[in-house]
Amino acid sequence: MTTTEILTGRVLSFTRSPFEAAPEAGAEIHEAVAVADGKVAGLGSAATLRAAHPQAPVTDHGDRLILAGFVDAHAHYPQAAIIASWGKRLIDWLNTYTFPEEMRFADPDYAAEIAARYLDLTAAHGTTTMCSFCTIHPESVEALFAQAQARGQRVTAGKTCMDRNAPEGLRDTVQSAHDDSKALLERWHGVDRLSYAITPRFSPTSTPEQLEALGALWAAHPDCLMQTHLSEQTDEIAWVRSLYPQARDYLDTYEAHGLLGPRGLYGHAIHLEPRERDRLRETGAALVHCPTSNTFIGSGLFDMAGLMAEGQRVGLATDTGGGSSFSMLRTMAAAYEIGQLRGTALHPAQLLWLATCGAAQALHLGDRIGNIAVGMEADLVVLDLGSTPAIAQRAERAEDLWEAVFPTIMMGDDRAVAEVRIGGRRV
Ligand SMILES: [Zn+2]
């Protein structure tokens, strides 16, 4: 039996990218959204939807903002318990905090515990889909997919592959990386709301032979995503240069091994050469901006305005736990601050689009999630735009929606999340 529900409030729907024209022009505000069978069944005025669905229960959210659930395009769920670890830059941070923690995911019980904790925490922050790295252990992928499947949640993830420059116990091989990834993608890709991403961590922790084997696997399964890291810190780029002396640049270490394509996701992408920018744009690959990570680890300032102007595909992400927050609100605030440091103030519509539509499009899921439109999956977040006294007193002065939502973007956290729906179900 189909049960239709109606939510009323201020329902945000994007009709086009707010980077293409005047930012407000791409956004529509409706009074109500109808949800049935896990999908958006209607969008429009409250009176129209009530008339169309006279039996449907109505939840009135008043002047709260109802939008698509947040999409986090790059995260490391196994780092949930080491988020906000002090004092290191990338390579030291990996060796000191990350690798010892990732070692623990050989234990399926620990992997299941952290996967559940991570999905609870992210849902509480309004994030309904993420694209996550796991660890080298197939058990870590099984744990996240099993938890997501039980929750009816749309998640993309993959086994992180590393066969060098990682400690004993955290290295696979050329063959096992290929074979384990293949077995996992055959078991999980396309099952329910789950999809697989082939996942070399980054060039320094893979031999050229491992990158080649993963490139071949991607060629055999081109509908999978491929996620990795690119040009995060200058020391890292120098290291890549010494490890791959034949490569034209960092991106070429992937390109030469079949790991550049339209379904490729490249986290960070801060210090790019002109050739890299050209190749990323030509192939339609996605760059994933991780602003809290970039300031927290001291990596640099992503060129959002320049990359958007040249037509790159860009998503937004926390990079948990290199990023310092589970919150996509805090992530939008950091993107705004980095934009300011580069001389461009991102509009609230652009920030909200990046955290929903933009991230979903980066994951090639823009036809299913990331926006509220009829037929889309009903992953929703309801934001209270006066969730703390400090935010409320500022929002009271607002003269339009964008001025009302901006204090929540800059100062909000999980207290602003009034309700979350995954596949239409309240969580
Ligand atoms: Zn990362």
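Two residues are taken to be in contact when heavy atoms of one lie within 4.5 Å of heavy atoms of the other. On this basis, in the predicted model described here, 35 residues of domain 1 are in contact with 33 residues of domain 2. The domain assignment places residues 4-69 together with 370-426 in domain 1, and residues 70-362 in domain 2. The centres of the two domains, taken over C-alpha atoms, are separated by 28 Å.

The area buried between domain 1 and domain 2 amounts to about 2700 Å², and carbon and sulfur atoms give 74% of this area. On the side of domain 1, the residues that lose the most area to domain 2 are Phe19, Ile409 and Ile422, which together account for 25% of what that side buries.

Between domain 1 and domain 2 the count is 3 salt bridges. Arginine 193 and glutamate 377 form a salt bridge in which the closest N and O atoms are 2.4 Å apart.

Several secondary structure elements each supply at least two residues of the side of domain 1 that touches domain 2, namely strand 1 (4-14), strand 4 (58-68), strand 14 (380-383), helix 15 (401-411) and strand 15 (417-422). Helix 15 gives the most to this side, with 6 residues. Sorted by class, the side of domain 1 that touches domain 2 holds 20 nonpolar, 7 polar and 8 charged residues.

Aromatic rings were examined next. The count comes to 10 aromatic pairs. For phenylalanine 19 and tryptophan 353, the ring centres are 5.8 Å apart and the ring planes stand at 65°; planes over 60 degrees apart count as edge-to-face, and the pair is therefore assigned to that class. Phenylalanine 19 lies in the loop between strand 1 and strand 2 (27-36), whereas tryptophan 353 belongs to helix 13 (residues 348-362), so the pair ties together parts that are 334 residues apart in sequence. Phenylalanine 19 is also one of the residues of domain 1 that lose the most area to domain 2.

Two features of the backbone complete the description. The peptide bond from threonine 320 to glycine 321 is cis, with omega near -5°. Glycine 321 is placed in the loop between strand 13 (313-316) and helix 12 (328-341). Alanine 84, a residue other than glycine, has a positive phi, near 60°. The loop that holds alanine 84 runs between strand 5 (70-76) and helix 2 (90-103).

Note on methods
Residues numbered from 1 in each chain as written. Predicted model: local features only at pLDDT ≥ 70, side-chain atom pairs only at ≥ 80, totals over all residues. Heavy atoms only, no water. Domains from an automatic or database assignment. Buried area = accessible area lost by both parts, 1.4 Å probe. Salt bridge = Lys/Arg side-chain N within 4 Å of Asp/Glu carboxyl O. Helix = DSSP H or I, 4+ residues; strand = E, 2+ residues; numbered from the N terminus. Nonpolar A, V, L, I, M, F, W, Y, C, P; charged D, E, K, R; others polar. Phe/Tyr/Trp six-rings, centres within 6.5 Å; stacked < 30°, edge-to-face > 60°.
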